[in-house]
Amino acid sequence: MENFDNQDHSAMMEEESDEIGKSSELTEEIMIQLKRNDPNVKSILVCWKENGYINSVDWEAGGGCIGDNSHLKKLELKISENFYLEEDEDEDGHQIEGGAKERFEAFCKGLARNRSIKILDISMCNSTPMLIEIVAPFFEHNSNLSHLIMDSCTLDSETTRMLALALSNRLKKCSLRKVELIGCAIGGQESGKLIASLNDYDNLVELCLGANEVGLSGCIELGNLLRNPNSRLNELRIDDNNIDDECIAVLANALQLNNNLKAISLSHSLSVTVAGWRSFSAVLRDPNCTLEALYLSETSLDDDAASEIGSALTDNSKLKILDLRCNDMISPEGWSRFFERSLSPVSALEDINLSENEIDAEAV
């Protein structure tokens, strides 16, 4: 994940991590401590293996210990990509008592009761529909949740809708400050509904939707979020999504009305033409632009688009970080034009990443 330059938020996250400490893998010994509500156990790691065992401990008991604990601050759920709940049935289609599905459901029911966890980190989960459906009360009633991470999980249309509903029904929205939904196949109209569910989260400072398919529906709702005068969002990552000229235009219009966003990543945007980059350049030209970090690695930028970005930076005194790695459609001549236009006395640029590009020494 690309690191955005936001000292206040980074400091907050580092302080939170230091307070919580390193995760302990869930074992029988850790379960005993959880049952005792030991305040020293603040972060645990739960792993589902291919064989359907959860670190060789009882799933229902493990979920129950987590649900009833009031000191646990962080829960990491790491699920093998080869773990499937379909193993619940025998060859004749009869449900196996105590099978993977039953045990996973029991664990989720326990987790749903927890009200202390601040950071929930779920990765590689192909059983997300059941998890979201059962754990909905956790999202709705845990007033301490501040950071939600879902990486490479399966969020189909129905599951995305359930997550959006759970977030919409959340009683205390002010605690959630960071949402990362990476590589979860979020797309279509449901992406818009999910993003719309975050519009009332005034304390949300970072939103990461990398490697999804948010498309126009999602960008329209992102535009509404960016135009929200109560929003404190200052970091937005929508790299490697289904972003085209129409999407960029929607985002650009919203960004020109936003006075909070400090960093945005549009890396891996390969469907945007010169017209789209011209729309985005208007944001950089705006004297009220607040962007301090812009990530545009591996995009569709060509010579003309690079010239547009360069020209827009002539009078920009806010942007400090610019990532232009791996833009092989820009020729040496295009880079020369970019530098001619972008370098100016008012520039605040401190860090320009130009690695893996075709640039002549004379151009810089």
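Reader: How do the residues lining the largest cavity divide into nonpolar, polar and charged?

Author: Five are nonpolar, three are polar and none is charged. The model is predicted.

Reader: Which residues line the largest cavity?

Author: The lining consists of L255, N258, L261, V283, N288, C289, T290 and L291. Cys counts as nonpolar, so C289 falls in that class.

Reader: Why are α10 and α11 called roughly parallel?

Author: The axes of α10 (274–285) and α11 (303–312) cross at roughly 10 degrees. The cut-off is under 35 degrees, so the two helices count as roughly parallel to each other. Their axes come within 8 Å.

Reader: Which residues make the contact?

Author: From α10 come V274, W277, R278, S281, L284 and R285. From α11 come D304, A305, E308, I309, S311 and A312. The contact divides into six nonpolar, two polar and four charged residues.

Reader: How do you know that β8 and β9 pair?

Author: Pairing needs at least two bridges. Strands β8 (235–237) and β9 (263–265) have three, in the parallel sense, so they pair. L236 has I264 in β9 as its bridge partner.

Reader: What makes β1 and β12 edge strands?

Author: The open sheet has 12 strands in order from β1 to β12, with parallel pairing. Strands β1 (24–25) and β12 (351–353) each pair on one side only.

Key: Residues numbered from 1 in each chain as written. Predicted model: local features only at pLDDT ≥ 70, side-chain atom pairs only at ≥ 80, totals over all residues. Heavy atoms only, no water. Helix = DSSP H or I, 4+ residues; strand = E, 2+ residues; numbered from the N terminus. Axes fitted to C-alpha atoms, helices over the stretch in contact; angles between N-to-C directions. Parallel < 35°, antiparallel > 145°, perpendicular 65-115°, else oblique. Contact = heavy atoms within 4.5 Å. 1 Å grid on protein atoms, 1.4 Å probe; cavity = no way out; pocket = protein on both sides within 12 Å on 5 of 7 lines; lining within 4 Å.
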